[in-house]
Amino acid sequence: MRTFLFILTTSSALAANLPPDHAKRMERGLKLFDSEVAALLKQNCLKCHGGDKVKSDFDMATREDLLRGGSHGSVVVPFEAKNSLLVSLINHAKEPNMPDSSPKLPAEVISKIEAWIDAGAPYSTPLIAGKKPKKDASVVTDEDRRWWAFQPLKKVQAKSIDELLLKNAKGMTFSPPAEKAVLVRRLQLDLTGLPSSETSDKSDLSDLIEELLKSPAYGERWARHWLDVARYAESTGFEQDYDRPFAFHYRDFVIKALNSDMPYDQFVKWQLAGDEYEPQNPLALAATGFLGAGVFPSQITANEVESSRYDAMDDMLGTTASGMLGLTLSCARCHDHKFDPLPTRDYYAMLSTFTTTTRMNVDVLPDGKVTSAITTMNAKKNTPAVAGATRMMICAEGYDPIVMHTQGGPFFDKTYVLKRGSPLMKDGEATQGFLQVLSKPGDAKRWQWQPPAGSKSTGKRRSLSNWITDVDGGAGALLARVIVNRLWQHHFGTGLVPTPNDFGKTGTPCTQPELLDWLAAKLIENDWKLKPLHKLILSSRAWQQSSARDAKKEATDPANGLFMRFVPYRLEGEAIRDSMLAVSGVLDPTMHGPGTRDENSKRRSIYFNIKRSQLIGSMVAFDQPEPLVSQGARPTTTVAPQALMLMNSPQARQWAEGLAKRSSGAGDAAKQIAMTYRLCFHREPTSAELATGFDFLQSGASLADYCQVVMSLNEFVYVN
Amino acid sequence: MLARAGGGFGMLAFASMLEAAKNPFSPKVPMQVGGKAKSIIWIFTNGGPSQVDTWDYKPELAKRDGQTLEGFDPKTGFFPGSVGGLMKSPFEFKQHGQSGTWCSDLFPKTAMHVDKMSFIHSCWTGSNNHSPALFMMNTGTTRMGYPCVGSWVNYGLGSESDSLPSFVVMSDPMNRGLPKGSAANWGAGFLPSVYQGTWLKPTGAPIENLAVPASITPQRQRAQLDLMARLNRQSLAGSAIESELNARIESFELAYRMQTSAPEAFAIKDEPEHIQKLYGVNEKHCGHFGKQCLTARRMVERGVRFIQLYSGGMENQQSWDGHKDILGNHRGFANESDQPVAALISDLEQRGLLDQTLIIWGGEFGRLPIAQKGAQPGRDHNPHAFTVWMCGGGVKGGYHHGETDEIGFKAAIDKVSVHDLHATILAAAGLDHERLTFKFQGLDQKLTGVENPKVVKAVFA
């Protein structure tokens, strides 16, 4: 109904603007255009606005594009020169003065352009011969839906990953399988991030996969991958960077969910709307920490209240879109997405999901009751009044929001469509809807969830979660593709789509589309459980290939998009540190709970407290990303601060001494060396390595000096 | 070869999973004509110094002292409830140099250099609040998490130093806090982290893990590195990522060298006495800033690309944020920095380095020409106007660009946005802001956004 009314008013307004003598005026305008104005526009404007460039998104090549305007909004109002921005700009009455970086146009030129606009600004032909008007990006067409990522999953007939890879292998075959010892270490690091010397090489690989997937260390390792995507941190960022002392429950939720093999669709649903699914389940509540993990200013002036609220909602939506759907939806905040069919109105329809969603602390009481808890930001020492209650930060509705130093409220009752993203340019209220490209007209109702009477929330987030997980007409197929790609990426070092947060046209194309769809379908078949997918991938010939150099394959397929070899990759900072703790025998396996920023901690690195202004030095040095926006893939840099940390930090030294202590009991120097290699690399040293180490120890160096070197070796920090 | 190959702090090798530039070690965009600066020193006057009390002389404001500013929107500043009348500057203005540049008496020594400086009086920004305005000034957006100017320059120009970080940040050593938003002001955002600023800790060892621990001797460490290289090379044969692994071996050698060369760069005690005196490093009122300015010069000599030096701590009386007692506040921070800044200019000049070193002086916004009421009146934030000056690096001397209105409230003539300013800074370093791009979230991201910013060409000689 609302849409209908809107169209009515628009068309009547247009009709009212059309002067009665418009036909005559247009005729006059055409003559002006042909005789002079076309040439003037070509000479003075077209180069930057439709020719070489389209500056400020304003294209003058065709009349349709001219009238559409640019990033400054409407530029030409036909029949109304004095209301046309263009006229103000060329008269230097408004900035930016036009033509840019050129002298002002002569008065007679300006008056001709004005006269032409007053005559309706008609074109007899585009200013560039044959140029077609740009497609209206606010309308999503069937053509748009044809982009592979928006298609339903293809039904791919295949028996295995290997079969599909070989089909595309351009005549190549897999590299030989890696040695058993290499595979055991590769598996350990991949699944748990911890080397262990206890596994026998004789054990069955399939059993080992099962065993490692059951290990709680699996969740700790893989949760860290998701925390990058969730731009997870435990402080507000901005000026005071206040701690969020009850935010760590979200991190624990991710670990627990992965360890219990929570179906991925449920994992997504709970992160968006856990409180609307199970309002009394602490785990479901904690999951909503996903929405609240982003930055938010702690000091907000009166004229920033509204814009900062839109920023906060954008953070929730943008992270949801890039993290779960691989879409750069935030680009559509100010203008229709330039490459993908994501119109601005879709953005605001989605954004309105979060209108009343804010961060809040709640106490979950032992009897399942949930109450509002402290609302001040810096609430370190505050503990729940009821014994046995758990205090956690959630991001939901219906409890008391955390209050910042603000000259306004925590949220507004309505979300508006904004022109150019500016709260000063409201364009009607936004009502909840979903991406047109991943739904059909009139479908929105299917996903709408009405909360029961007396519910604390609006049901909008659960509605969103229904759509996002719906494989049949919603976003579910894309959701599945994006997560299986992330699994692949962390097993192989590169995704099937190498840009894991961008499945749109600006991303890098999928190298194995059939395989991706086949895996996505497998995930859904397996009730969205991730562990069977891990096992499927890890059991493949592809994953078990040797990483030995093959010059011919490198030449044919430098990026390894065909996956006919295994390329070694460096471990993340967390796994490097955790490995050092593990081999030195001092690792404290305590799970969950509040973290610490003490580098001397002996717990796994995922339990570092993440304060945005005081990130952990050893993690940052090894490329842990700043937790500001969703990060799908970390860069791998090799820089001197990493070496300094391994050479000089008190921790590295301490762990070296720990490793030395473990090796020292093995016997003589040769045995100590062998033990060190077994602990660190799950193999025996070669005779050359043995001799080199022996010489070093014979020269009077300590075993700890030796162990520190071994823990710094390439082999220690790379998955081979 | 390696010595010139760095892109960041001791950077040797870089394999990006992002679609980064093909060769991260080389300059990303060709130099354009006019860019002379090889290094940039940004004296960031944190908190927002008042233009009308420093470099923007407004006799009309004195005439209208005490009058109400009609039509003033009380939300312009931070404290809508403390809006006072127009307030003349409590400082005395005099003309200096051949250019006859008007300066307040806050900077007697720096004012001697006005004929080498270009003043942009018509700067304006988009936020009236410290951290968004700081982010704007440093990263071109009011939101947190974007790459800062230093990172872009670092990314664009690469590094000339093999033993020092190529982008360093020095903050207030007087225990008055960091600028609001702290490390996000020198973060690399979506650029690879090698391009982020290295914050030199103001007290204690400036760089993490630089010193060989007491439990081990340099000789033993040397033996360790030799062993490491030998073992690494033994397992290198046949590796598919040989160059990456080789780079890792080299990174340990570089780190080893840095252990001696980096402390040497910080050793201002090695400077001759007359130089120490010039910067006032032993003076109580300005010694701390003098040491930082002198360190900045030593870094420029050693090929550091971008040095950001924060004058003042976090906010209010801890920084240039003179909400109350503008007189005492500005007098204090000017006293701390005047002599060191003047010394930096003279010293770079006498070494022939001023032409290739751009010095920028400015903060995140300006201050209002009206009083912020209180026992000792101050001035509230003003996003509409502030002055930035530049010196060296091919910038014209004694030049004034743009104007504010007659009371210094708003930029009025030849307005310069923060994006314009950034485009100009990049141009000074020979970088074309339209071509210095990095692909992120599917787009070619730029420091200067999409609104066609303009280089203020007039400041270049």
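Among contacts in chain A between residues at least 6 apart in sequence, what percentage join residues at least 24 apart? In this predicted model, the share of such contacts that join residues at least 24 apart is 68%.

View 1. Chain A comprises 30 helices and ten strands, and its C-alpha trace spans about 105 × 65 × 50 Å along the principal axes. Of its 720 residues, 50% count as buried.

**View 2. The side of chain A that touches chain B.** Here 67 residues of chain A are in contact with 69 residues of chain B. The elements of chain A that give two or more residues to this side are helix H24 (617-621), strand E9 (636-639), helix H25 (640-648), helix H26 (650-664), helix H28 (687-698), helix H29 (703-712) and helix H30 (714-717). The largest share, eight residues, comes from H25(A). Sorted by class, the side of chain A that touches chain B has 28 nonpolar residues, together with 24 polar and 15 charged ones.

**View 3. An open sheet of three strands in chain A.** The strands follow the order E3-E2-E4 in chain A, and their pairing is antiparallel. Strand E3 (370-372) and strand E4 (390-396) of chain A are the edge strands, each of which pairs on one side only, and the twist from one strand to the next averages 40 degrees.

**View 4. Pairing of E2(A) with E4(A).** Strand E2 of chain A, which covers residues 358-364, runs antiparallel to E4(A) and is joined to it by seven bridges. Within this part of the sheet, Val364(A) stands opposite Thr390(A), a residue of E4(A).

**View 5. The covered strand E14 of chain B.** Strand E14 of chain B, residues 386-391, is mostly covered, with six of its six residues buried.

Terms used:
Residues are numbered from 1 along each chain as its sequence is written. Chains are lettered from A and ligands numbered from 1 in the order in which they are written. This is a predicted model: local features need pLDDT of at least 70, side-chain atom pairs count only at pLDDT 80 or more; totals for chains, interfaces and linings use all residues. Helices (H or I, at least four residues) and strands (E, at least two) are DSSP runs, numbered from the N terminus. A residue is buried if 20 or more other C-beta atoms lie within 10 Å of its own, exposed if 12 or fewer, and partly exposed in between; C-beta atoms are placed from the backbone. Two residues are in contact if their C-beta atoms, placed from the backbone, lie within 7 Å. Ala, Val, Leu, Ile, Met, Phe, Trp, Tyr, Cys and Pro count as nonpolar, Asp, Glu, Lys and Arg as charged, and the others, Gly among them, as polar. Two strands pair if DSSP finds at least two bridges between them. Axes are lines fitted to C-alpha atoms, for helices over the stretch in contact, and angles run from 0 to 180 degrees between N-to-C directions.
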